[in-house]
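Have a look at the model first, then read on.

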Amino acid sequence: MPKYLLLKRYTGGPEHHPNFVPMSEWTEDEITAHMAFQRHVGELLRKRGEFVDVQALSPEGTYVRYGGPGAAPVTTDGPFPETKELAAGWFMIDVESEARAYEVAAYLSSAPGKGGQPLYEWIEVRPVMSGAPAAVE
Amino acid sequence: MNEDVVRVLAPQVLGVLVRRGNDFAAAEDAVQDALLEAYRSWGDAPPGEPLGWLLTVAGRKLIDARRSEAARRRREDTLNHEPEPGPAEQADDTLLLLFLCCHPALSPASAIALTLRAVGGLTTREIADAFLVPESTMAQRISRAKRTVSGQPFVQPSDVAVVLRVLYLMFNEGYSGRVDLSAEAIRLTRQLARACDEPEVAGLLALMLLHHARRAARTDEHGSLIPLDKQDRTRWNEAEIAEGVGILQAALARDRRGEYQLQAAIAALHDGARTAEETDWTQILAWYDELLDLTDSPVAALSRAVAVGEVDGPFAGLSAVEKLAARLGDHHRLDAVRARLHERAGHLDVAAEHYHRAAARARNTAERDYLTKQAARLRHESRAGEGRRAGAAPAVRQAPHGHRQAATVLT
């Protein structure tokens, strides 16, 4: 079964949904409902035997690179590219087909946002490569 | 406690319980309970009749479970204890279990997981490792699959095609986790072949053996893929080839051909060539023609195009590939085959481009790395060629060799 990474970017994607409102402007209850939906998706995937991993990423991060021979690593904490470049978190799923991965992604994107309305968030779906080739050449 | 013994016995016990008419999910639970008790009480000294021991204990567990259920429903039920199964019955039980685990109501992935657990005797942990998913996810998948088949009325299906498909897919999973699924698939197909006298079962077993025989030669010490024509054929497993060929010949002699026998015949021809140059491509092409008459699979047609390229030259191969392009969409193998044929036609730049495109769409890292290296090799060779030409007379640069143009050059 193929694995897929469902990457949550909140504001990112091919276009902004016209009704998008940043979470900072939601009510507490709206945020609670949104988070409960994320857990609900995780539960559903576990029950169906499709769950591999879920992680949220801190929006704060640092760029690090090799500094050259004998030098300390080079770091910078900004400026980061626009928010749209940042991943907020992901689900990794192991499903029967690409169609099923899209179905899960669309469901994830229907998470309630401002006013309890679906967020219509763009979810980036990336196939995860397997390590081994098929045994039949 | 000898785990191998238990792995062989557990499916037999389950098979007996299911044959006696017990619910599959309940019987599987009872067998797992009996195994736990065996782990606790056997220590290093299993009983003299381990199968009988497990059957008795599992039967008792099943009765216990039923009694607690019966207490609720105010119903009494007992199991008849039949004598232990003989070898013929064991074979029948394996068959029955396989049909149940590969039930068409299950998705292939669920069928594979359930088969590995109930017939293969693997633990949930091992199956989860093989598919690189959390153990709890695999436990859920197996338990859903058990519920699905438990609700199905059991009828002995008339053909084994569904079971063969599941075993074929299991074999193709190969060795990505810590469990060798190819070896498991061969083991299960052997069991099936003992219980079921069908040429296609033998065909699938032969196909698996004939491919498995090349495994040691398929990767180098860095884990990189080595294509068939570059493999060190002295590393192929002669015993597996001999066994596969024997099984295949017996199956073909019965003159009821099917896709697995035909694919095995092609594999056997490759395995029979001592060097890549000695490969009998004309015969291989003939088998592919027969395979396509039977299946009309675009993937098989793509492999046939490779054979056409070997028999009639790369341009004929390319023209066969282009006829498939619409059906295969952006399948990465389409570009890989184009690349191979263009390289043989001397179009190094075009070949490199196709390898590059194939690499971008490959769905496993071993193939991606191989294709990426092929693209790099050809770019390098192409530049070296240009360097040599630069000093000589002005090189006649071929027009951008799209494959269609290339193909019309010869027609």
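1. A nonpolar core here is a set of buried Ala, Val, Leu, Ile, Met, Phe, Trp, Tyr and Cys residues joined through side-chain atoms within 4.5 Å; buried means under 20% relative accessible area, exposed over 50%, partly exposed in between (1.4 Å probe, protein chains only). This is a predicted model: local features need pLDDT of at least 70, and side-chain atom pairs count only at pLDDT 80 or more, while totals for chains, interfaces and linings use all residues. Side-chain values use heavy atoms, without hydrogens and water.

2. The largest nonpolar core has 119 residues, and Phe24(B) and Leu192(B) have the most contacts inside it. Its top contributor is helix α10 (residues 199–212) of chain B, with nine residues; helices are DSSP runs (H or I, at least four residues), numbered from the N terminus. Apart from this core lies another of 15 residues, including Phe37(A) and Phe51(A).

3. Three aromatic pairs turn up over all chains. Rings of Phe, Tyr and Trp (its six-membered ring) pair if their centres lie within 6.5 Å; planes under 30 degrees apart are stacked, over 60 edge-to-face, the rest tilted. Phe37(A) and Tyr107(A) make a tilted pair, at 5.1 Å centre to centre and 55° between the planes. Phe37(A) is buried at 13% relative accessibility, whereas Tyr107(A) is partly exposed at 34%.

4. Arg46(A) lies over the face of Phe51(A), 3.9 Å from the ring centre. The rule asks for NZ of Lys or CZ of Arg within 6 Å of the ring centre and within 35 degrees of the ring normal. Arg214(B) lies over the face of Trp236(B), at 5.7 Å.

Notes:
Residues are numbered from 1 along each chain as its sequence is written. Chains are lettered from A and ligands numbered from 1 in the order in which they are written. Helices (H or I, at least four residues) and strands (E, at least two) are DSSP runs, numbered from the N terminus.
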